[in-house]
Amino acid sequence: INASLWDPTRKAYADSLHEDGSLSPVSSQATNAALIIYGAVPEERGRILAARILAKDKELLHYGSPYGLYYILEMLDRFGDVDNIFKIVRERWGAMVLAGDTCTWETFAEFGYDDWPTRSRCHPFAAYVAKYMAKYMLGIIMLEPGYQRFRVDPKPPKGITFCHGAVPTAKGLIRVGWENRGGVVDLMVEHPAELQRVL
């Protein structure tokens with residue numbers, strides 16, 4: 001990948017290699033983010049590309065749907081960039097909530113149709129952001145399949161001072177609630193007896 005798809009003039013990976021051996025003229029945010037999360041990019045180069053993606057560098061084709069954004073959010077998750085994950089989630093999924101929807105959209109509002117903000121207002125793939133809610137807001141980390149063993153360690157973005165919610169498991173719900181009271185975090189965890197919480 002590094003030998004065949006890296007374009008030194010663009011300082012980014014091309015989206016494809018044509019049959020004649022030439023590089024695609026397109027380098028997209030999603031492709032470059034995917035290469036970072038799957039470990040194909042040297043660490044330093046990955047961090048530089050991540051910064052360009054976050055800066056909305058015009059040299060990199062922008063995403064148009066939650067599917068393309070998935071790779072960017074996973075890239076940020078790999079780097080533990082909680083604040084930027086939730087900045088994007090607030091903006092993109094917040095628009096869905098503000099539109100009065102309780103389901104996630106197929107595309108974002110700038111790609112809407114007539115008076116509709118998107119061509120499908122009930123598209124389940126975009127619900128993947130629930131992963132970041134569980135992992136960072138509630139802090140529920142699965143240590144063994146099925147949450148047989150799990151840890152609770154909330155790492156919310158700046159400005160969030162309380163949260164409560166639950167993650168379903170085959171044995172029942174893991175419920176977490178916490179509140180930051182002047183730097184002291186009051187944490188409550190309830191879980192099925194068959195599951196082991198690791199402290």
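What follows is a run of questions on the terms, each with its answer.

Student: What kind of model is this, and how are residues numbered?
Tutor: It is a predicted model, in which local features need pLDDT of at least 70 and side-chain atom pairs count only at pLDDT 80 or more, while totals for chains, interfaces and linings use all residues. Residues are numbered from 1 along each chain as its sequence is written, and side-chain values use heavy atoms, with hydrogens and water left out.

Student: How many helices and strands does the protein chain have?
Tutor: Six helices and eight strands. Both are DSSP runs numbered from the N terminus: helices are H or I with at least four residues, strands are E with at least two. Along the sequence the pattern reads α-β-β-α-α-α-α-α-β-β-β-β-β-β.

Student: What makes residues 12–13 count as a strand?
Tutor: Residues 12–13 form β2, which holds Y13. A strand needs at least two residues, so this run qualifies.

Student: Why is Y13 called buried?
Tutor: Its relative accessible area is 0%. Buried means under 20%, exposed over 50%, and partly exposed in between (1.4 Å probe, protein chains only). Y13 is therefore buried. Across the protein chain, 41% of the 199 residues count as buried.

Student: Why is the pair E43 and R78 called a salt bridge?
Tutor: The side chains meet at 3.6 Å, N to O. The term asks for a side-chain nitrogen of Lys or Arg within 4 Å of a carboxyl oxygen of Asp or Glu. The structure holds 14 salt bridges.

Student: Which parts of the chain does the pair E43 and R78 link?
Tutor: Distant parts, 35 residues apart: E43 is in helix α3 (residues 43–54), R78 in helix α4 (residues 66–78).

Student: What makes α3 oblique to α4?
Tutor: The axes come within 11 Å and cross at roughly 130 degrees. Axes are lines fitted to C-alpha atoms, for helices over the stretch in contact, and angles run from 0 to 180 degrees between N-to-C directions. Under 35 degrees is roughly parallel, over 145 roughly antiparallel, 65 to 115 roughly perpendicular, and the rest oblique. Roughly 130 degrees falls in the rest, so α3 is oblique to α4.

Student: Which residues of α3 and α4 meet?
Tutor: E43, A50, I53 and L54 in α3 meet I72, M75, L76 and R78 in α4. Contact means heavy atoms within 4.5 Å. The residues divide into six nonpolar, no polar and two charged. Ala, Val, Leu, Ile, Met, Phe, Trp, Tyr, Cys and Pro count as nonpolar, Asp, Glu, Lys and Arg as charged, and the others, Gly among them, as polar.

Student: How do you know that R181 has two salt-bridge partners?
Tutor: E179 and R181 have their closest N and O atoms 3.3 Å apart. R181 and D186 meet at 3.9 Å, N to O. Each distance is within the 4 Å limit, so each pair counts.

Student: Why is R181 called exposed, but E179 and D186 partly exposed?
Tutor: R181 has 51% relative accessibility, over the 50% cut-off, so R181 is exposed. E179 has 34% and D186 has 43%. Those two values lie in between, so both are partly exposed.

Student: Which residues are linked in a network of salt bridges?
Tutor: E74, D77, K131 and K135.

Student: Which residues of helix α6 are buried, and what covers them?
Tutor: In α6 (residues 130–138), Y132, A134, Y136, M137 and L138 are buried. Their cover includes α4, α5 (82–98), β3 (140–142) and β4 (149–152). Just after α6, G139 takes a positive phi of about 80 degrees.

Student: Where is H191, and what is in contact with it?
Tutor: H191 is in the loop between β7 (184–190) and β8 (196–197). Leaving aside neighbours within four places in sequence, H191 is in contact with F150, L173, I174 and R197. At 32% relative accessible area, H191 is partly exposed.
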